[in-house]
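Please study the sequence and the model shown here before working through the exercises.

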Amino acid sequence: MSKESFTNTAAIQASLKKRYAREKRFQWYGRLAVLTGFVFLFILLADIVGKGAPAFTQQYIKVTVEFDPDRLGVEPGASDEELRKADYLGVVKSSLRAMFPEASGRQEKRQLYRLISIGAEYDLRDYVLDNPELIGQTLDIWLLAHAEAGAYLKGQISRKIPEGDRRVKDIQMQWLDTLREQGRTESRFNTLFFTEGDSREPELAGIKAALYGSFFTLLVTFLLAFPIGVFAAVYLEEFAPRNRLTDLIEININNLAAVPSIVFGLLGLAVFINFFELPRSAPLVGGIVLSLMTLPTIIITSRASIQSVSPSIREAALGVGASPLQTVFHHVLPVAMPGILTGSIIGMAQALGESAPLLMIGMVAFIMDVPGGVTDPSTVLPVQIFLWADSPERGFTEKTSAAIMVLMGFLIVMNALAIYLRRRFELK
Amino acid sequence: MNSIAVTADGIGEAGASSPEAGLDIHDHSDVKDYETVGEPFVEDPKMSARNVNVYYADKQAIMDVSLDIGKNEVIAMIGPSGCGKSTFLRTLNRMNDIIPICRVEGNINLEDQDIYRGDQDTVLLRARVGMVFQKPNPFPKSIYENVAYGPRIHGLAHSKAELDEIVEKSLRRASLFDEVKDALDKPGTGLSGGQQQRLCIARAIAVSPEVILMDEPCSALDPIATARIEELIDELKERYTIAIVTHSMQQAEVGDTKEVFTMPKHELTENYITGRFG
Ligand SMILES: Nc1ncnc2c1ncn2[C@@H]1O[C@H](COP(=O)(O)OP(=O)(O)OP(=O)(O)O)[C@@H](O)[C@H]1O
Ligand SMILES: [Mg+2]
């Protein structure tokens with residue numbers, strides 16, 4: 001007996017070496033896999049952040065503006081109505097000409113005007129409306145630079161590129177250099193990016209409309225998909241009989257989860273817009289379509305998490321005389337909640353990043369106004385990214401990356417929320 | 001305990017009317033005798049089982065058991081592992097309903113009402129016939145909530161103070177109160193195995209059921225706690241009817257037995273009882 005066990009020990013020891021070696025190797029494969037993943041992720045993030053970061057600053061130019069009543073076409077003491085209609089663009093232009101009198105000829109003058117964003121006109125108007133006493137005075141005002149001029153000031157445009165291939169011409173560069181030397185240029189945080197809707201001018205374009213659109217769309221998605229998904233899961237898991245029909249339903253739900261999202265968009269177009277005549281481009285329809293897409297995810301994860309609740313808890317509840325419904329709502333759901341929430345938030349995150357089905361229902365329109373409700377035409381963040389990525393102006397390239405950064409920020413927040421909620425429910 | 005159950009060899013129409021009674025996983029077809037100690041039938045029983053067969057899918061777990069549980073009586077059942085004790089207990093409050101493959105045949109009456117009749121309300125039945133499960137299964141909620149849950153859903157307390165009182169009384173009777181009185185808001189799942197089992201006992205008696213089914217309530221308890229639970233059972237007998245499954249010979253000891261149960265085969269039981277088993 002003892003002899004045998006000695007032999008066993010030796011054999012086990014011999015095999016141990018091999019086993020440990022295998023374990024070591026496996027761990028190294030694992031580390032390598034994680035590392036590779038991180039490297040790719042890092043490259044991706046570095047690229048996006050590198051491209052997008054400049055979009056968070058904007059260049060301003062200090063222009064000496066003369067609020068000449070003649071040029072504005074108003075008398076001092078004019079009413080608000082008259083002030084609103086005054087010619088501010090003319091004032092901006094004449095002020096620029098006064099600063100650089102050497103600009104001659106139509107071509108050069110036009111290039112001079114292109115230093116300043118066309119949005120400056122409206123800024124001036126609002127400024128004068130707030131301070132009507134300015135009429136007739138001359139003072140230095142910071143005006144938003146045109147996107148191209150801004151790009152040069154940010155150092156994104158090199159003089160080495162032949163003049164014909166770049167949007168900022170030599171003479172504009174000279175003017176900008178002069179302005180910089182005079183301390184008349186300034187870089188500021190880009191608040192417009194968060195307070196404006198889309199625009200044709202890169203320096204005026206913002207994501208507010210898209211953010212609101214995404215919010216309303218996700219709101220509709222959540223309000224539809226979460227309760228329907230959870231109740232469907234509870235019913236299928238706790239109450240439905242097991243038979244052919246429920247098997248069929250289960251198979252179909254699993255299949256739906258794998259249906260390409262664009263198909264849901266086509267369905268939305270055919271059913272909700274063409275048949276039910278719901279408004280086009282509206283978060284309402286977008287939300288319905290996305291909730292169809294998210295439902296299978298929520299149902300499947302909720303069922304899995306309800307299934308994993310120990311049957312002994314159900315027995316305990318039924319044993320003290322709880323009804324099946326009370327058992328589910330008082331005992332099963334609270335335990336399953338972390339899993340259900342994780343699944344739902346993953347589903348919502350997918351919906352947040354989805355663009356294809358929304359293109360089908362017309363949420364791709366050029367929307368400048370911030371939507372005020374679920375039936376207003378609007379766009380969503382991923383579609384806005386798609387639109388900007390498609391624009392040729394260089395100003396939009398950095399906007400694209402910046403919008404991606406915002407989108408990823410929201411995804412991170414949502415996933416962090418999922419983890420937080422899971423921890424909170426698990427503690428109880 | 002005053003009541004005991006051991007298998008007996010066909011006393012009259014005793015529990016085991018079929019040679020294969022008691023459930024049989026080991027097929028000792030040569031063993032034909034079953035022993036029931038005590039009387040399987042009484043007058044005016046609280047619950048009565050007649051020719052009960054229970055199947056899990058094709059497998060029969062209980063064969064033709066007939067038995068009465070008298071009012072204010074403690075009936076103890078004993079038998080080897082896997083012989084169907086838990087299964088029988090669970091048929092008494094239809095806990096087996098939730099196992100889809102489980103099928104029950106025969107009659108089980110609670111005060112002359114067939115509990116398997118179509119219009120029997122299982123919620124009401126389980127409130128009247130409470131259960132302590134073999135494996136402690138406290139809710140993953142606070143200790144207080146564990147005990148208060150039953151009374152609350154049945155509307156047994158009309159104020160917070162009343163509910164507090166029920167909780168304290170139940171925990172005291174399960175001899176758990178002193179250990180947890182400062183931690184009533186801590187999760188019940190954080191208690192030790194034995195404490196959890198006592199919590200489950202407290203949870204079951206908090207609803208004041210008419211019949212309490214206890215499946216090895218003392219298997220995880222030390223001798224002192226066991227003694228307390230035995231006292232509790234003794235005390236509960238005044239008001240309730242109790243069916244208990246046990247592996248403790250003392251609990252099942254044949255004393256002034258009135259009641260009997262039948263479970264395993266004679267030989268196995270003999271060995272088991274005399275401690276020669278295993
Ligand atoms: N849910 C179930 N599904 C299928 N078979 C089951 C199920 N529960 C119990 N059984 C079978 O029924 C028989 C009786 O089981 P039961 O749990 O009643 O035994 P027991 O007497 O309580 O044993 P123990 O003393 O070990 O608790 C066993 O053979 C078991 O395999
Ligand atoms: Mg058992």
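Two exercises with worked solutions follow.

The model is predicted: local features need pLDDT of at least 70, side-chain atom pairs count only at pLDDT 80 or more, and totals for chains, interfaces and linings use all residues. Residues are numbered from 1 along each chain as its sequence is written, chains are lettered from A in the order in which they are written, and side-chain values use heavy atoms, without hydrogens and water.

**Exercise 1.** Describe the interface of domain 1 and domain 2 of chain B.

*Solution.*
Step 1. An automatic or database domain assignment gives chain B domain 1 (1-118 + 252-278) and domain 2 (121-247).
Step 2. In contact (heavy atoms within 4.5 Å) are 29 residues of domain 1 and 28 residues of domain 2.
Step 3. The rule finds two salt bridges across this interface, a salt bridge being a side-chain nitrogen of Lys or Arg within 4 Å of a carboxyl oxygen of Asp or Glu.
Step 4. The side chains of Glu111(B) and Arg128(B) form a salt bridge, at 3.2 Å from N to O.

**Exercise 2.** In which order do the four strands of the open sheet of chain B lie?

*Solution.*
Step 1. Strands are DSSP runs (E, at least two residues), numbered from the N terminus, and two of them pair if DSSP finds at least two bridges between them.
Step 2. The order is β2-β1-β4-β5, with antiparallel pairing.
Step 3. β2 and β5 (113-114) of chain B are the edge strands, each pairing on one side only.
Step 4. Eight bridges join β1(B) to β4 (residues 102-110) of chain B.
Step 5. Opposite Arg50(B) stands Asn107(B), in β4(B).
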